[in-house]
Amino acid sequence: MKLWIGVVMFSIRIYGAGSLKDRRQVVRSVLDRMKSHFNASVADLGPDNTWDKADLAVSCIGSSAQEMETRVDHICSLLSRLEDDGEFEPLQVAREVFAYGDL
């Protein structure tokens with residue numbers, strides 16, 4: 001049996017951020033929504049001490065490649081819907097689904 005991993009990494013530009021507090025508010029909102037919708041692991045990858053940019057990641061695991069592809073598609077769709085709220089703009093999105101080991 002293989003374990004399948006889905007990862008979405010994205011960089012965003014945060015509109016109107018004038019402090020790290022503004023950045024944290026937007027990043028926390030995005031990551032909390034991702035985590036609650038998909039029961040996924042989320043992370044703020046930096047860059048440190050930058051107010052208007054953030055590199056974020058969402059990862060999940062499952063038992064099939066199709067399940068992970070679908071979940072990654074849904075994560076990307078939610079990112080697009082959150083963008084419509086007008087707090088940020090995605091600059092770059094990278095996604096990958098891969099198998100890990102034979103269990």
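Here is a chat about reading the helices and strands of this predicted model.

Colleague: What should I know before I start?

Modeller: This is a predicted model, where local features need pLDDT of at least 70, side-chain atom pairs count only at pLDDT 80 or more, and totals for chains, interfaces and linings use all residues. Residues are numbered from 1 along each chain as its sequence is written, and side-chain values use heavy atoms, leaving out hydrogens and water.

Colleague: At what angle do helix 1 and helix 2 pack?

Modeller: Two packed helices are described by the angle between their axes and the distance between the axes. Axes are lines fitted to C-alpha atoms, for helices over the stretch in contact, and angles run from 0 to 180 degrees between N-to-C directions. Helices (H or I, at least four residues) and strands (E, at least two) are DSSP runs, numbered from the N terminus. Here, helix 1 (residues 20–38) and helix 2 (residues 65–83) pack at about 145°, with axes 11 Å apart.

Colleague: Which residues of helix 1 make the contact?

Modeller: Contact means heavy atoms within 4.5 Å. On helix 1, Val-30, Arg-33, Met-34, His-37 and Phe-38 make the contact. Their partners on helix 2 include Ile-75 and Leu-78.

Colleague: In what order do the four strands form the sheet?

Modeller: Two strands pair if DSSP finds at least two bridges between them. The open sheet has the order 2-3-1-4, with antiparallel pairing. Strand 2 (41–46) and strand 4 (88–100) are the edges, each pairing on one side only. Strand 1 (residues 3–14) pairs with strand 3 (residues 53–62) over 10 bridges; Ser-11 has Asp-55 in strand 3 as its bridge partner.
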